[in-house]
Amino acid sequence: MSCKEIDEFLDDRVSRVETSVPGWVAAHCRQCARCQQLLELLETRVRIQPPPADLLSRVDEVIAGSLRAVTPLSSARSFVLGFLTIVVALAGGGIVTMGVGATRVMGIWQFAGVGSILGASAVLLAISLSRQMAPGSQQKVRPAMLVFSLLACFPLALLLLFPWKLAGGFVSAGWHCASAGLVLVVPASVCFWFLVRRGAILAPGLTGATIGLLAGLVGATALHFGCEIAAAPHLVVWHAGLPVFSALAGFLIGRLSGR
Amino acid sequence: MNSTGMVAEPVPEAGLREQALQELMVRYQCADQTAAGELVRQLSPALFRFLAGPSFTRGEAEDMLQDCWLRIHRARHTYRPGKPVLPWIYAIARHTRVDAFRRRRHIESHELATDQYSGLAAHEETPSDPGLFRLIEALPESQRDAIFMLKVCGMSLEEVARATSSTVGAVKQRAHRAYEKLRCKLNQASHSSVKK
């Protein structure tokens, strides 16, 4: 038996309930002083004076003073649907406004590839947001890792799918796209925030970044349909830059409001 | 009984306790004052253990506990009946502690120390306590939280994963790294005591 197997054993052991160890663990500990010491350490109790009774009485009084019945939060699924409805509604409105000129200049793989990434990202972020609202929710992917991964994936996909060519009017054309996208990002952020605030926002910076990123993707989706420039530099800077900017803005607003 | 003479006290079956906590939470959400008081009474010792540490004075730990309960009270509607209670509670407690750290760091960066302040630590190390608390506190934050919740609070891997917005695999990895660090520290301590 190895120390790694002792680690696995410790993962499942509730120290203060079980008072004896299996034979193979005892045998290993007779030969391995490090594991013996570790097990003895984890078996001992941490002595901490309990909180004073008057503190608990004060907590009771504060709670009693504002105690009223509350309705538990709706299911996570309903919030996911809510977020995605906002995405579809606002992105759809943007597409109707900007048109679908991109379909004339993009290949089917380019259009479908970016569209898939945008769709999948929106779904993952909606799920993450719905779980961030309820403390202690199961997270298959850590929210911070999800945000960073998507911020990296989107520009990378654009770099891989589109040719690198600099078109004239890089800044003027780009600014036109960015401002058109921002018109959607702001109301999207507000709508998402109104939903999210129904829950408990424990990490305002992270939740703000997630909201910002999702709102940025709304703008990026409308641009994906409407922008007729199919060049990697333009798309990476002005289309993928929109979610980056809005995620950063969301993070800063969240951190400042959480103080 | 282990070699330090400590006896691990039996605690109620984890499943039954969780069931009781879930029932109390539902009644709390329905504005049952008795249930609220019972939750405060049952969970406060464990929460205080979680929030306290050598880096906090007893007064600071008590303030954090009060702050934690206020947050729990404000967020009580976010508990979904039928879901585990402890991960929900400890997720809020963990952020309470993180916010307290940040607040103190912010204050300390704007203040000049005029004298050495050594407040009473929230915990006592008794002669029979071989410094578990001190050893755990020396670990990186993510590993410390994992070990504390697993071994001191008695939570399962899944409960810890939920409380820390993480995955079971990540919690296991942190715990295993912590076990290895604790082994090294214990080994160093026993070697230095032999040299003495």
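Guide: Before we look around, a word on helices and strands: they are DSSP runs, with H or I over at least four residues making a helix and E over at least two making a strand, numbered from the N terminus. What you see is a predicted model, where local features need pLDDT of at least 70 and side-chain atom pairs count only at pLDDT 80 or more, while totals for chains, interfaces and linings use all residues; side-chain values use heavy atoms, with hydrogens and water left out. Residues are numbered from 1 along each chain as its sequence is written, and chains are lettered from A and ligands numbered from 1 in the order in which they are written.

Visitor: OK, what makes up the secondary structure of chain A?

Guide: Twelve helices and zero strands. Along the sequence the pattern goes α-α-α-α-α-α-α-α-α-α-α-α.

Visitor: And why is chain A called more spread out than a compact globule?

Guide: The radius of gyration is taken over C-alpha atoms, and the globule rule is 2.2 Å times the number of residues to the power 0.38. For 259 residues that rule gives 18 Å, but chain A comes out at 26 Å, well over it, so chain A is more spread out than a compact globule. Its C-alpha atoms fill a box of roughly 75 × 55 × 30 Å along the principal axes.

Visitor: How do you know how much of each chain is buried?

Guide: Buried means under 20% relative accessible area, exposed over 50%, and partly exposed in between (1.4 Å probe, protein chains only). By that test, 45% of the 259 residues of chain A are buried, and for chain B it's 51% of 196 residues.

Visitor: What makes A:L129 count as buried, then?

Guide: A:L129 has 0% relative accessibility, so A:L129 counts as buried. You'll find A:L129 in helix α7 of chain A.

Visitor: Which residues does A:L129 contact beyond its sequence neighbours?

Guide: Contact means heavy atoms within 4.5 Å. Setting aside neighbours within four places in sequence, A:L129 is in contact with A:F83, A:V196, A:T207, A:T210, A:I211 and A:L214.

Visitor: How do you know that A:V87 is buried too?

Guide: The relative accessible area of A:V87 is 11%, so A:V87 goes in the buried class. A:V87 sits in helix α5 of chain A and touches A:G92, A:A122, A:F192, A:L214 and A:V218, leaving out residues up to four places away in sequence.

Visitor: What makes the span of α5 in chain A close to the expected one?

Guide: The expected span of a helix is 1.5 Å times one less than its number of residues. Helix α5 (residues 76–98) has 23 residues and reaches 33 Å from its first C-alpha to its last, close to the 33 Å expected. Its buried residues include A:F79, A:F83, A:I86 and A:I95, and the cover over the buried residues of α5 includes α7 (108–132), α9 (170–196) and α10 (204–226) of chain A. Just after α5(A), A:G99 takes a positive phi of about 85°.

Visitor: Now chain B. What are its elements?

Guide: Eight helices and zero strands, running α-α-α-α-α-α-α-α from the N terminus on.

Visitor: What makes B:A31 worth a stop?

Guide: Most residues other than glycine have a negative phi. B:A31 has a positive phi of about 70° although it is not a glycine. B:A31 lies in the loop between α1 (14–29) and α2 (33–51) of chain B.

Visitor: Why is B:A31 called partly exposed?

Guide: At 29% relative accessibility, B:A31 falls in the partly exposed class.

Visitor: And where in chain B is B:S165?

Guide: B:S165 is in the loop between α7 (157–163) and α8 (168–195) of chain B. B:S165 has a positive phi of about 50° although it is not a glycine. With a relative accessible area of 22%, B:S165 is partly exposed.
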